[in-house]
Amino acid sequence: MVGLFDENGTNKIGLGTWQLGLKGWGRDYEESELVEGLKFGINNGLNFVDTAEIYGMGKSESLVGEVVSEFERKQLFIATKLAGFNATKGRVRKSLTNSLKRLRMDYLDLYQVHWEPSLYTNLTDLFRELEEVAKEGLINHIGVSNFSAKSIEKANGSMKELKIESNQIKFNLVERPNSELLSFMKANAIKLIAWSPLAQGFLSGKYSSESKPSGSVRKINRLFSPSSFERFGPLLSELRRISDERKLSPIQLVLAYEKHIGILPIPGFKNVKQVKDLVSANSLELSEQEVFSIDSALQKSGVLETSIGFYPRILPNFIARLGFLLI
Ligand SMILES: NC(=O)c1ccc[n+]([C@@H]2O[C@H](COP(=O)([O-])OP(=O)(O)OC[C@H]3O[C@@H](n4cnc5c(N)ncnc54)[C@H](OP(=O)(O)O)[C@@H]3O)[C@@H](O)[C@H]2O)c1
């Protein structure tokens, strides 16, 4: 059985599948390329796959289900997420059942609450229900995403036997949440699963103020602004210099560094060519000198502190649900 926390296992880099929802990431890729990319990744040792019920409103889960049905279930680690607006005691089972159906499986390795639900949600009831479905064998591990330390403590206090095992947060070389959350997670052995580990492609060095990526997701990402290209230009040049020296791509270097600092990156991808980079990064080790050079460049550029949460929690779930349907 593949575990989330294997010390010597293969889960050092996972595969993110937001792009499989086929919405918001531009038009320069197709469903068949995503399917081939995912197959290639799994066939080459990337057996941790992360999806969510909201990616393409079920589309990503369905495509993941189609691909993983060709593999032996026990060799995979499949994680999905319960949308914050469905994260109530009354809705958990329905969402979970639908996710399992789309994924064509009868249990999940990791079920994550995608973001902190509205303020009117009873967190205690929600996590007791999650503990219940875990005891029934429908999920192996309970995780959260975009949760503050306070909410994780509340969730843990609600469950009798189980604990939150991971928090999936935005974390990459240039964007991180506040250090209190990171220290809390470390102190409580909560695994950091890093979303946008490539800063949505920013760290590849292929974009600039003049050449920005397409698609609504990155149009609203402040990283792709002229001031940020200016600020992080020296870092991107240093990543390019080190990767050229070692005949790697900057993406491989970035992922190897993230692996080195003990987090679990789940990069998104659009085709086999990109997944090949992710596969090679999975077995790549950096020298002390390379780590030192990246650390020094990071010290000079600093990082952007990101906030936890997507929208005000004062909005009731039905309004949030409607909002997501419209985008
Ligand atoms: N929990 C949450 O709230 C949350 C939020 C966001 C994402 N996620 C999860 O985290 C995953 C990763 O985050 P993300 O997709 O936002 O960003 P990301 O992994 O930082 O960036 C993905 C993008 O980087 C580019 N890329 C990938 N491999 C590359 C390569 N080898 N060379 C050059 N460019 C490459 C591709 O876009 P281009 O080719 O178009 O540049 C790809 O779409 C998602 O798929 C999803 O599973 C979770």
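In helix H9, Pro250, Ile251, Gln252, Leu253, Val254, Leu255, Ala256, Tyr257, Glu258 and Lys259 are buried (20 or more other C-beta atoms, placed from the backbone, within 10 Å of a residue's own). Helices here are DSSP runs of H or I with at least four residues, strands are E runs of at least two, and both are numbered from the N terminus. Because 10 of the 11 residues of H9 (250–260) are buried, the rest of the structure largely encloses this helix. Its cover includes strands S8 and S9 and helices H8, H10 and H11.

This is a predicted model: local features need pLDDT of at least 70, side-chain atom pairs count only at pLDDT 80 or more, and totals for chains, interfaces and linings use all residues. Residues are numbered from 1 along each chain as its sequence is written.

Now take H8. H8 and H9 pack at about 100 degrees, with axes 8 Å apart. They are therefore roughly perpendicular (65 to 115 degrees). Leu239, Arg240, Ile242 and Ser243 in H8 meet Pro250, Gln252, Leu253 and Val254 in H9; contact means C-beta atoms within 7 Å.

The largest nonpolar core has 82 residues. Such a core joins buried Ala, Val, Leu, Ile, Met, Phe, Trp, Tyr and Cys residues through C-beta atoms within 7 Å. Val254 and Leu278 are among those with the most contacts inside the core. Leu278 touches Leu255 and Phe269, among others.

Of the 28 residues around it, Gly16, Leu198, Gly201, Gly268 and Asp277 come nearest; a residue counts if its C-beta atom lies within 6 Å.

Methods
A residue is buried if 20 or more other C-beta atoms lie within 10 Å of its own, exposed if 12 or fewer, and partly exposed in between; C-beta atoms are placed from the backbone. Two residues are in contact if their C-beta atoms, placed from the backbone, lie within 7 Å. Axes are lines fitted to C-alpha atoms, for helices over the stretch in contact, and angles run from 0 to 180 degrees between N-to-C directions. Angles under 35 degrees count as roughly parallel, over 145 as roughly antiparallel, 65 to 115 as roughly perpendicular and the rest as oblique. Lists of a residue's contacts leave out its neighbours within four places in sequence.
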